[in-house]
Amino acid sequence: MAHAFRRRPDGSLACRLDGEEKSIIAQVSQETSDLIRADLGIDADPDLLRHAADSEDPLRRLEAEFAGRDAREPADSAVKRLFPAASEDPTLAGEFRRFGQQDLADGKLEDLRTVMSILDATGHGHSEVVVDDAQALVLLRALNDVRIVLADRLDLRRDGDFDTVRMLQQIGERVEGATDPDDEQVGSDIVIAVYELLSWLQESLLRAMD
């Protein structure tokens with residue numbers, strides 16, 4: 001069972017998570033990363049692009065330059081929330097995407113990789129997760145991005161929507177009684193549970209940082 005984040009005497013921040021909780025957080029982080037890459041068409045290894053940009057071959061440098069400027073408009077509703085249009089003017093919005101979306105995506109993907117690395121370093125079983133203040137900020141940003149994706153899947157649009165979804169879920173459980181839920185209901189319940197876990201963990205970390 002998860003234990004909330006707390007500030008330790010050495011200044012670091014620590015919580016305790018069991019193996020399943022860590023596995024779930026790592027999985028949804030990986031899925032969010034995969035979703036961003038697939039929807040924005042980020043297939044190229046960023047290290048390869050950097051090496052190409054530093055190449056003495058002018059053709060490779062040109063390819064790297066255009067690869068970096070290729071800013072596809074998000075198609076997935078969750079990715080649209082992560083990368084909203086910076087202007088209502090389509091031309092201005094396209095220019096903002098062209099010059100800023102790749103850096104923003106690189107930052108989000110790096111945050112998600114860092115979270116997976118932190119969790120992986122703690123092993124598979126129940127253990128303490130320890131982060132410094134810089135890592136805590138990365139964790140907060142990544143958890144927020146994953147929560148945005150889950151909120152989109154749950155069709156949460158405004159503050160208070162999750163309370164409504166949770167209430168409807170509880171009513172559904174009482175009405176269905178002993179009948180077995182279908183696969184769609186089970187999937188929805190899992191997403192709700194993961195959203196609650198991430199929300200609790202994020203709030204716990206924010207309180208510990210104060």
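**A guided reading of the predicted model**

Glu 20 is found in helix H1, which spans residues 19-40. With a relative accessibility of 59%, Glu 20 counts as exposed. In sequence, Glu 20 and Met 1 are 19 residues apart, and their C-alpha atoms lie 9.3 Å apart in space. The structure described here is a predicted model.

The overall architecture may be taken next. The secondary structure of the protein chain comes to eight helices and three strands. Read along the sequence, these elements follow the pattern β-β-α-α-α-α-α-β-α-α-α. Of the 210 residues in the protein chain, 37% are buried.

Rolling a probe the size of a water molecule over the atoms shows where empty space is left. A search of the whole structure finds two cavities of 30 Å³ or more, and the largest cavity has a volume of about 70 Å³. Its lining consists of Phe 5, Leu 17, Ile 25, Val 115, Ile 118, Leu 119, Val 129, Val 131, Leu 139 and Leu 201. Two elements give two or more residues to this lining, namely helix H5 (90-121) and strand S3 (127-131). The largest share, three residues, comes from H5. By class, the lining of the largest cavity has ten nonpolar residues, with no polar and no charged ones.

Helix H5 also takes part in charged contacts. The structure holds 13 salt bridges. In one of them, the side chains of Arg 113 and Glu 110 meet at 2.7 Å, N to O. Because Arg 113 and Glu 110 are three residues apart in helix H5, about one helical turn separates them. Both partners are partly exposed: Arg 113 has a relative accessibility of 34%, and Glu 110 has a relative accessible area of 39%.

A further salt bridge joins the side chains of Asp 111 and Arg 141 (2.8 Å, N to O). This pair links distant parts of the chain, for Asp 111 is in helix H5 and Arg 141 in helix H6, 30 residues apart. Which of the two partners is buried, Asp 111 or Arg 141? Asp 111 has a relative accessible area of 7% and is therefore buried, whereas Arg 141, at 43% relative accessibility, counts as partly exposed.

Salt bridges with shared partners also join Asp 76, Arg 81, Asp 152, Arg 153, Asp 155 and Arg 157 into one network. One member of this network, Asp 155, is placed in the loop between helix H6 (133-153) and H7. The phi angle of Asp 155 is near 60°, a positive value in a residue other than glycine. Asp 155 counts as partly exposed because its relative accessibility is 47%.

Arg 8 counts as partly exposed at 22% relative accessibility, while Asp 10 counts as exposed at 58%.

The last feature concerns the surface. There, Met 167, Leu 168 and Ile 171 form a nonpolar patch, with about 280 Å² of accessible area together. Ile 171 is found in helix H7, residues 161-176. At 40% relative accessibility, Ile 171 counts as partly exposed.

How values were computed:
Residues are numbered from 1 along each chain as its sequence is written. This is a predicted model: local features need pLDDT of at least 70, side-chain atom pairs count only at pLDDT 80 or more; totals for chains, interfaces and linings use all residues. Side-chain values use heavy atoms; hydrogens and water are left out. Patches are made of residues with over 30% relative accessible area and no salt bridge: like charges are joined within 9 Å, nonpolar side chains (Val, Leu, Ile, Met, Phe, Trp, Tyr) within 5 Å. Accessible areas come from the Shrake-Rupley method with a 1.4 Å probe; for residues, only the protein chains shown count as cover. A salt bridge is a side-chain nitrogen of Lys or Arg within 4 Å of a carboxyl oxygen of Asp or Glu. Helices (H or I, at least four residues) and strands (E, at least two) are DSSP runs, numbered from the N terminus. Buried means under 20% relative accessible area, exposed over 50%, partly exposed in between (1.4 Å probe, protein chains only). On a 1 Å grid over the protein atoms alone, a cavity is a set of points where a 1.4 Å probe fits but cannot get out, and a pocket is an open set with protein on both sides within 12 Å along at least five of seven lines; lining residues have an atom within 4 Å of a point. Grid points are joined across faces, edges and corners, and a volume is the space filled by probe spheres set on the points. Ala, Val, Leu, Ile, Met, Phe, Trp, Tyr, Cys and Pro count as nonpolar, Asp, Glu, Lys and Arg as charged, and the others, Gly among them, as polar.
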